[in-house]
Amino acid sequence: MSLSKEVILNTGYEIPLTPSTHGQLGFGTWQSAPGEVGNAVYEASRPDIGICMRLPIGMKRAFHDIPGLKREDIFIVKSPPYGYILTAYSKHRPEAVEPALDVCLAELGLGYLGVGERELDTELPKSKVRSVGVSNHTIKHLEAIIQGSGAIPAVTQFERHPRLQSEDHCKKRGIHTTAYSAFGNNMLGHPLQITHPTVKEVAQAVSRRVGKDMSGAQAILAWSQVGGHSVIPKSVTPSRIRDNFNQVDLTQEEFDHVNTLGLDRRRFNIPMTYSPAWNINLFGEREEEPAAHQVNLGL
Ligand SMILES: NC(=O)c1ccc[n+]([C@@H]2O[C@H](COP(=O)([O-])OP(=O)(O)OC[C@H]3O[C@@H](n4cnc5c(N)ncnc54)[C@H](OP(=O)(O)O)[C@@H]3O)[C@@H](O)[C@H]2O)c1
């Protein structure tokens, strides 16, 4: 139950499973310091480790240094909306998206992205972006996007983990889910979920079952992939990157045990709590109630 598989998107393109990629199990780089990103991406690109999603400079080094590593071995997601070239240069103006994409591709030294950002009513050439995705949308937002644009995104990326479990709405719509902050994020200084007593218990149960030491991180990554979803743990630490790509599966009982964390629901990425705060109610969380701005669905 839950070892990585390839993912076929609703565009017909796949997130591949090959000796150097892990299908559902990806790799995140957000909040890595500039100097750390290159090494982390490089580490995650090694054929014995895996796929990388969202990247900068280290990619070029990986292509240069790793024998046999090919562009098609790696599935790259340009993840909106935080501070990366495509969003920054286009400023969400549809006519500026393709030129911004060209800048982005040139900077990365790549011919195309696996998934890119969709600006409403913007058609991006398939030769440059194979599939389009969205991020940080509730079901209501997603349906408004579909209604407003007439297009069904291929991928939706949002915070999802044992303490923030999601409905299966996206799957019913044929939209692939990518989970971020699987471990709970490191921004707020809270203990990561991999140290939660229940997660540790499950990791110990898995270790006894498979006869080798398995970590809480591995238990959460296995949990995250059940149902066909993908997950993009971030790390800049080579030993942890290796640990995260060393996969296990969970029994139904182990999966159900991790599920009990959902009783203590918690979202970690709430822009109203950032410093500086983003004065907008994105998710309808209690902390967002004082926000001056709401999401405009334009319907
Ligand atoms: N679309 C969006 O709005 C959005 C928002 C948030 C995140 N994301 C994406 O999701 C990715 C991951 O989410 P995240 O950065 O919030 O956090 P996360 O993956 O839940 O947690 C990252 C933290 O876990 C630590 N860690 C990783 N593997 C570990 C292991 N095996 N043992 C112990 N600690 C481990 C990392 O430490 P070290 O790095 O020090 O090793 C880091 O402190 C991001 O990089 C980004 O690509 C997208």
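This is a predicted model: local features need pLDDT of at least 70, side-chain atom pairs count only at pLDDT 80 or more; totals for chains, interfaces and linings use all residues.
**Main core.** I started with the largest nonpolar core, which has 32 residues. I looked up the members that touch the most others: Val 199, Ala 219, Ile 220 and Leu 221. Helix 8 gives the most, with six residues. I noted the general background: nonpolar side chains tend to be buried together in soluble globular proteins.

**Leu 221.** I left aside neighbours within four places in sequence and asked what Leu 221 is in contact with. I found Leu 25, Ala 182, Val 231, Pro 233, Asn 244 and Gln 247.

**Helix 9.** Which residues are buried in helix 9? I found Ile 241, Asn 244 and Phe 245. I looked down the helix 9 axis; the buried residues fall within an arc of 95°, so they line one face of the helix. Asn 244 is also on the contact list of Leu 221.

**His 22.** I located His 22 in strand 4 (residues 21-22). Is His 22 buried or exposed? His 22 is buried, because 27 other C-beta atoms lie within 10 Å, and the cut-off for buried is 20 or more. I also checked His 22 against Ser 4. The two are 18 residues apart in sequence, and their C-alpha atoms are 6.2 Å apart in space.

Notes. Residues are numbered from 1 along each chain as its sequence is written. Helices (H or I, at least four residues) and strands (E, at least two) are DSSP runs, numbered from the N terminus. A residue is buried if 20 or more other C-beta atoms lie within 10 Å of its own, exposed if 12 or fewer, and partly exposed in between; C-beta atoms are placed from the backbone. A nonpolar core is a set of buried Ala, Val, Leu, Ile, Met, Phe, Trp, Tyr and Cys residues joined through C-beta atoms within 7 Å. Two residues are in contact if their C-beta atoms, placed from the backbone, lie within 7 Å. The arc is that of the directions from the helix axis to the C-beta atoms.
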